[in-house]
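Trainee: I would like to go through the charged side-chain pairs of this model. Could we begin with the terms?
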Amino acid sequence: MLERYDPRNWSISYDGLIHTLIALGGSVALALLVHWVAFVVLRRLTLTSESTLDDAVVEAVRKPLRWAAIAFAIAVAAENDALVGRGWDVLARFLTPAVVGWVAYAVVRGLASGYEAQIGEAEDPVAHRGRLTRIAILSRTVKVGIIIITVSLIMLNVPGVRDIGTTMLASAGLAALAVGAAAQPALKSLIAGLQMALTQPLRIGDLVKVDGQAGRVEEIRMSFVTVRTWDERVLVVPTSRFLDGSFENWSRVSEKLTGPVMLHLDPIAEIEPIRAEFERFVQAHALWDGRNLQLLMTEAYPESIELRLSMSADTIGDLWTLRCDVREHMLAWIKQNQPEALIRHRLEVEAANQRAKGS
């Protein structure tokens, strides 16, 4: 039973085997030489170009094309050598779609990296985030499609899988229902990802608030979005959550925002000196952008009043720092200049004394 695996029983002459090895080795060596020369020329050509796109694409496809050149060399050797041809006929069914898919995947990855490098120094941060998001989502979509097609082509060359596919086609109605039900989550994620790339309700780098948590969008995938909060936690939110529900995007149009600082003071507080000190401090602050500056009394209660101190800054981070500085400074100024304006709990001393005497 195992005699056919004994090399002594193979009907191969040593001269033929040596000829096969020489032909195969020579073809592969020649293919590698051609690949090396071609990429030396391509690298020199890319150096003369001002764009970084061609550099990224050439570097991305260098390794896949090397293996494609080796596969082509083996195919050429198989045409001239029967021994190589018998083995190559079997392997080519699987290697050809795998290598082609790998090259296509590398081209997409190189194009995405090149476009990201080109927009890496954009002056407009909002436009930069929008392009970066579109490139990331579309490139991932195309790469997923390439992987699915490549795996499908490889699996169709497996006789058992091909027979199963033929059987399923015989009952097309049942197969369509089963495939549709199984692929529904994947198709929903794919459509959601494409919709996210086209409509862009949020982009990579946007500051969003979802489910009461605020943070920067780090990554947008087909099925989920990662948001990094200020304390370095990572929120993983389903993509459909941003399409089906409401959320806050604080930097979709611009990083410029106006933010408030709320002060709750005693009704005896003098507003004009507080307003003057607030305006003086903010106008002298390096983070104020000169757009909005206002102090309003927004509420008045029997035992307290509410002041809203609003100010603006160029970025969300600058606004946060400015608000913290204003809050700290104004409380310190009020303690020093209007200590009576701070809220204290009052006791009706006279009424309490009368009740004590009566008891």
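Mentor: Buried means under 20% relative accessible area, exposed over 50%, and partly exposed in between (1.4 Å probe, protein chains only). This is a predicted model, in which local features need pLDDT of at least 70 and side-chain atom pairs count only at pLDDT 80 or more, while totals for chains, interfaces and linings use all residues. Residues are numbered from 1 along each chain as its sequence is written, and side-chain values use heavy atoms, leaving out hydrogens and water.

Trainee: How many salt bridges does the structure hold?
Mentor: There are ten salt bridges, each a side-chain nitrogen of Lys or Arg within 4 Å of a carboxyl oxygen of Asp or Glu.

Trainee: Which residue pairs with Asp211?
Mentor: Arg241 does, with the closest N and O atoms 2.8 Å apart. This pair links distant parts of the chain, 30 residues apart: Asp211 lies in the loop between β1 (207-210) and β2 (213-220), and Arg241 in helix α7 (residues 239-244). Helices (H or I, at least four residues) and strands (E, at least two) are DSSP runs, numbered from the N terminus.

Trainee: Is Asp211 buried or exposed?
Mentor: Asp211 is exposed, at 56% relative accessible area, whereas Arg241 is partly exposed at 23%.

Trainee: What about helix α8: where do Glu277 and Arg280 sit in it?
Mentor: They are three residues apart in helix α8 (residues 271-283), so about one helical turn separates them. Glu277 is buried at 10% relative accessible area, and Arg280 is partly exposed at 46%.

Trainee: Which residues are joined into one network by shared partners?
Mentor: Arg43, Glu59 and Arg62 are joined by salt bridges that share partners.
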